[in-house]
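Hello,

Here is the structure we talked about handing over. My notes follow below it.

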Amino acid sequence: MYPAVKEVIPGDNYILSVVFDNGEKGRLDMKPMLDFGIFQRIKDYEAFKRVRVTFDAIEWDCGVDLDPEFVYNISKENIPA
């Protein structure tokens with residue numbers, strides 16, 4: 001079972017800082033996704049900053065959301081050892 005997203009903080013340059021319910025933290029760089037499909041909706045930085053946690057996932061008010069398992073796997077890859 002994957003950990004749920006507990007907190008998400010939008011940062012500069014389209015980086016999300018994520019805290020999971022197991023105490024782990026991660027960083028998710030959204031820039032590579034912004035030119036594709038539904039993610040174009042959060043290319044506007046003001047829209048990007050309106051991110052929130054809904055249930056155990058990440059969501060924006062414009063209808064974009066991210067599965068918590070995806071967020072966990074990708075954000076953990078972006079933490080330097």
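**Contacts and core**

Ile58 is in contact (heavy atoms within 4.5 Å) with Val5, Val8, Leu16, Val18, Val51, Arg52, Val64, Asp65, Leu66 and Val71, leaving aside its neighbours within four places in sequence. This is a predicted model: local features need pLDDT of at least 70, side-chain atom pairs count only at pLDDT 80 or more, and totals for chains, interfaces and linings use all residues. Residues are numbered from 1 along each chain as its sequence is written, and side-chain values use heavy atoms, with hydrogens and water left out.

Ile58 also belongs to the largest nonpolar core, which has 20 residues. Such a core is a set of buried Ala, Val, Leu, Ile, Met, Phe, Trp, Tyr and Cys residues joined through side-chain atoms within 4.5 Å. Buried means under 20% relative accessible area (1.4 Å probe, protein chains only). Leu16, Met30, Ile58 and Trp60 touch the most other members. Strand 2 (15-20) is among the elements giving two or more residues. Its share, three residues, is the largest. Strands are DSSP runs of E, at least two residues; helices are runs of H or I, at least four; both are numbered from the N terminus.

**Aromatic pairs**

There are five aromatic pairs (ring centres within 6.5 Å, using the six-membered ring of Trp). Phe20 and Tyr72 are edge-to-face (planes over 60 degrees apart), because their planes stand at 85 degrees, with centres 5.0 Å apart. Phe20 lies in strand 2 and Tyr72 in helix 2, 52 residues apart. Phe20 is buried at 1%, and Tyr72 is buried at 19%. Ring pairs also link Tyr14, Tyr45, Phe48 and Trp60 into a cluster.

Best wishes

Conventions: Buried means under 20% relative accessible area, exposed over 50%, partly exposed in between (1.4 Å probe, protein chains only). Rings of Phe, Tyr and Trp (its six-membered ring) pair if their centres lie within 6.5 Å; planes under 30 degrees apart count as stacked, over 60 as edge-to-face and the rest as tilted.
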